[in-house]
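Have the sequence and the 3D view open as you read.

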Amino acid sequence: MEGPRNNGPEGDSIYAAAAWFRDGRGPRYVQLYRHLASAISSGRLEADTQLPPERDLAELADVSRVTVRKAVAELVADGLLEQRRGAGSFVRAQAPKLEHPLSRLTSFTEYMLARGKASTSQVLTRGLFFPTPEEAMALGISGGQVARIERLRSADGTPMAIERSSLPVDILPYPERVETSLYTVLRDQGGAPTRAIQRITAINLAPSEAQMLSLPDGAAALRIDRTGYLPSGRPIEFTRGVYRSDIYDFVAELRMEGTT
Ligand code: 16G
């Protein structure tokens, strides 16, 4: 084993099998990958920390070198580690998380613009469809069709979210007009939501979603269902979005009742 590395207060114990391996929770390389990814995003493994060499890491973690290699390769592919020639693997400096205030109703485009990022949308589905019972219930409609748009949303070229939005046909008769911003099209036609209710759930990504968001299968993410209302109280938007939890932090301001 080589000399001490800059591994923070926990030293090498962070790599020990007891710290990350649980029976029945999937392949070892995936569990090791998840453990290291979360240690990096939480700051327990700081930027520029050098990982032990493959042979030592295999010994510390009580796994084969192939397992270590696979986990490290995934972390490099995700941009969490970098390999420096002849020196080994190092933790890369992480982009700060984007804080998303929950009390303000913003669109993806506005939110990213406010952070100096350019948003793009890749349309996955767009058209008029018969509503699912969930869409019909959320939008308060009993028959006819809904306009549906499914988009992969990116900021400065990084995939951030997959959003599937459904709206009553009279609100969005031509879904093909939505290129980047749904709310811009709605405002141009006289009405974007002014109030919304969101439900946030922690999920693990399905393989197809993980691939689109450039994350490993089963990675943690946030699912947010938003129902958006016009000032009249009419629900006009039901969006189910899956957001990268390694980039998004949703922040809520809370006030004690009776104070301002
Ligand atoms: C946000 C909303 C989403 C809305 C979209 C419109 C959340 C969790 N979701 O992503 O419901 O449809 O903005 O953005 O904030 P756009 O105008 O850029 O299409």
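In which strand is the place of Ser166? Ser166 lies in strand β6, which covers residues 158-168. The model is predicted.

**Ser166 and its surroundings**

- Ser166 has a relative accessibility of 2%, and it counts as buried because the cut-off for buried is under 20%.
- The side chain of Ser166 makes a polar contact of 2.6 Å with the side chain of Glu135.
- Leaving aside residues up to four places away in sequence, Ser166 touches Glu135, Leu139, Ala147, Arg148, Ile236, Glu237 and Phe238.

**Strand β5**

- Strand β5 spans residues 146-155, and nine of its 10 residues are buried, so the rest of the structure largely encloses this strand.
- Ala147, one of the residues that Ser166 touches, is in β5 and stands opposite Leu128.

**Pairing of the strands**

- Strand β4, residues 119-129, pairs with β5 in the antiparallel sense over 10 bridges.
- β5 also pairs with β6, again in the antiparallel sense and over 10 bridges.
- Ala155 has Thr158 in β6 as its bridge partner.

**The turn between β5 and β6**

- How many residues lie between the strands in the hairpin of β5 and β6? There are two residues between them.
- In this hairpin, Asp156 takes a positive phi near 50°.

**A general point on strands**

- Side chains in a regular strand alternate between the two faces of the sheet.

How values were computed. Residues numbered from 1 in each chain as written. Predicted model: local features only at pLDDT ≥ 70, side-chain atom pairs only at ≥ 80, totals over all residues. Heavy atoms only, no water. Helix = DSSP H or I, 4+ residues; strand = E, 2+ residues; numbered from the N terminus. Buried < 20%, exposed > 50% of the residue type's maximum accessible area, 1.4 Å probe, protein only. Polar contact = N/O pair within 3.5 Å; in protein donor to acceptor, adjacent residues only side chain to side chain. Contact = heavy atoms within 4.5 Å. Pairing = 2+ DSSP bridges.
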